Amino acid sequence: MSRIDLIKGFADPVSDSQFAFRQLLKAMSEPGLLCKLTTPESLDPMSEALFATCQTLLDQQTSIWLSKEFDTPDIRHNLSFHTGAPILDDAAKAQFAIAFAGEIQSTESFHKGDVEYPETACTLLLQVNALNGDDGDTLKLSGPGIETDVYIRISDLTPAILTYLTTRPDRFPLGLDLILAAEDALLCIPRSTHVEVC
């Protein structure tokens with residue numbers, strides 16, 4: 001029988017999650033801005049920034065869906081212990097979806113919200129290998145929260161993600177928000193951001 005390890009969460013859950021929430025709020029309000037988030041231990045294969053995001057945004061009332069690569073006994077146990085968030089098998093019913101960006105072959109299954117409750121749309125928490133590194137697609141971001149155009153390079157984005165970001169098939173305010181994490185860094189691309197591939 002394999003052993004399931006309990007990973008250390010935030011050292012000071014209240015102040016650390018408050019700091020992380022401010023970082024996430026800044027990243028979401030300024031799309032493309034790289035912010036740092038750390039946690040005492042990594043939850044393999046989850047990056048520090050992604051694990052810290054989970055500890056900050058998830059609780060007993062926020063349902064999550066795990067992709068095949070993240071759906072491991074260790075991750076299920078630790079997310080349940082540190083957040084209490086219910087893990088669903090149906091991506092269409094989850095408020096948050098956790099995946100490697102390279103696993104996303106379609107965005108159709110994620111809930112985009114509805115006219116009366118657009119805030120119920122799913123937020124994609126996507127792990128990539130690099131943000132603003134040498135690999136990946138260069139994206140030009142513009143829109144609310146961006147004074148002038150922002151250029152970012154993100155690895156591992158699939159054609160499905162790029163098509164969704166550049167065509168925005170859902171009429172605003174419906175749509176998906178993306179939080180992309182690599183190691184101890186993250187950035188956000190909310191549904192209000194206009195995206196072009198350079």
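I began with the seven strands that form an open sheet in the order E1-E9-E8-E5-E4-E2-E3, with mixed pairing. E1 and strand E3 (87–88) are at the edges with a single partner strand each, so one side of each has no neighbour in the sheet. For my own reference, strands (E, at least two residues) and helices (H or I, at least four) are DSSP runs, numbered from the N terminus. Two strands count as paired if DSSP finds at least two bridges between them.

A note on the source: this is a predicted model, in which local features need pLDDT of at least 70 and side-chain atom pairs count only at pLDDT 80 or more, while totals for chains, interfaces and linings use all residues. Residues are numbered from 1 along each chain as its sequence is written, and side-chain values use heavy atoms, with hydrogens and water left out.

**Entry: strand E5**

I wanted to know how many residues of strand E5 (residues 123–127) are buried. I found that five of the five are, so E5 is largely enclosed by the rest of the structure. Here buried means under 20% relative accessible area, exposed means over 50%, and partly exposed is in between (1.4 Å probe, protein chains only). Thr123, Leu125 and Gln127 point one way from E5, Leu124 and Leu126 point the other way, and all are buried.

Next I looked up the neighbours of E5. E4 pairs with E5 in the parallel sense over five bridges, and Phe100 has Gln127 in E5 as its bridge partner. E8 also runs parallel to E5, joined to it by five bridges. In E8, Ala181 is the bridge partner of Gln127, and Leu180 stands opposite Leu126.

**Entry: Ser47**

I found Ser47 in the loop between strand E1 (35–36) and H2. Is Ser47 buried or exposed? Ser47 is buried, with a relative accessible area of 7%. Leaving aside residues up to four places away in sequence, Ser47 touches Gln127, Ala181, Ala182 and Glu183; contact means heavy atoms within 4.5 Å. Gln127 and Ala181 are the bridge partners I noted above.

Which residues of helix H3 (residues 73–83) are buried? I listed Ile75, Asn78, Leu79 and Thr83. Seen down the axis of H3, these fall within an arc of 100 degrees, so they line one face of the helix. The arc is taken over the directions from the helix axis to the C-beta atoms. A reminder to myself: an α-helix has 3.6 residues a turn, so residues three or four places apart point the same way.

The buried residues of H3 pack against helix H2 (48–57), strand E2 (64–66) and strand E4 (96–100). Pro73 and Phe81, on the other side of H3, are exposed. After H3 comes Gly84, with a positive phi near 75 degrees.

H1 lies across E1, E8 and strand E9 (185–189), and runs at about 45 degrees to E9. Axes are lines fitted to C-alpha atoms, for helices over the stretch in contact, and angles run from 0 to 180 degrees between N-to-C directions.

**Entry: the largest pocket**

I then checked the largest pocket, which holds about 200 Å³ of space. On a 1 Å grid over the protein atoms alone, a pocket is an open set of points where a 1.4 Å probe fits, with protein on both sides within 12 Å along at least five of seven lines; lining residues have an atom within 4 Å of a point. Grid points are joined across faces, edges and corners, and the volume is the space filled by probe spheres set on the points.

Which helix gives the most to the lining? H1 does, with four residues. Helix H1 (13–29) and strand E8 (177–182) each supply at least two lining residues. The lining includes Phe21, Leu24, Phe96, Thr123 and Asp177.

**Entry: the three-stranded sheet**

Three strands form an open sheet in the order E7-E6-E10, with antiparallel pairing. Strand E7 (150–154) and strand E10 (194–197) are the edge strands, each pairing on one side only. The twist averages 30 degrees from one strand to the next. E6 and E10 pair over four bridges, and Leu139 stands opposite Val197 in E10. Helix H4 (residues 159–167) lies across E6 and E10, at about 130 degrees to E10.

My last stop was Ser142 in strand E6 (residues 137–142). Ser142 is buried at 18% relative accessible area, and touches Asp149, Thr193 and His194, again not counting residues up to four places away in sequence.
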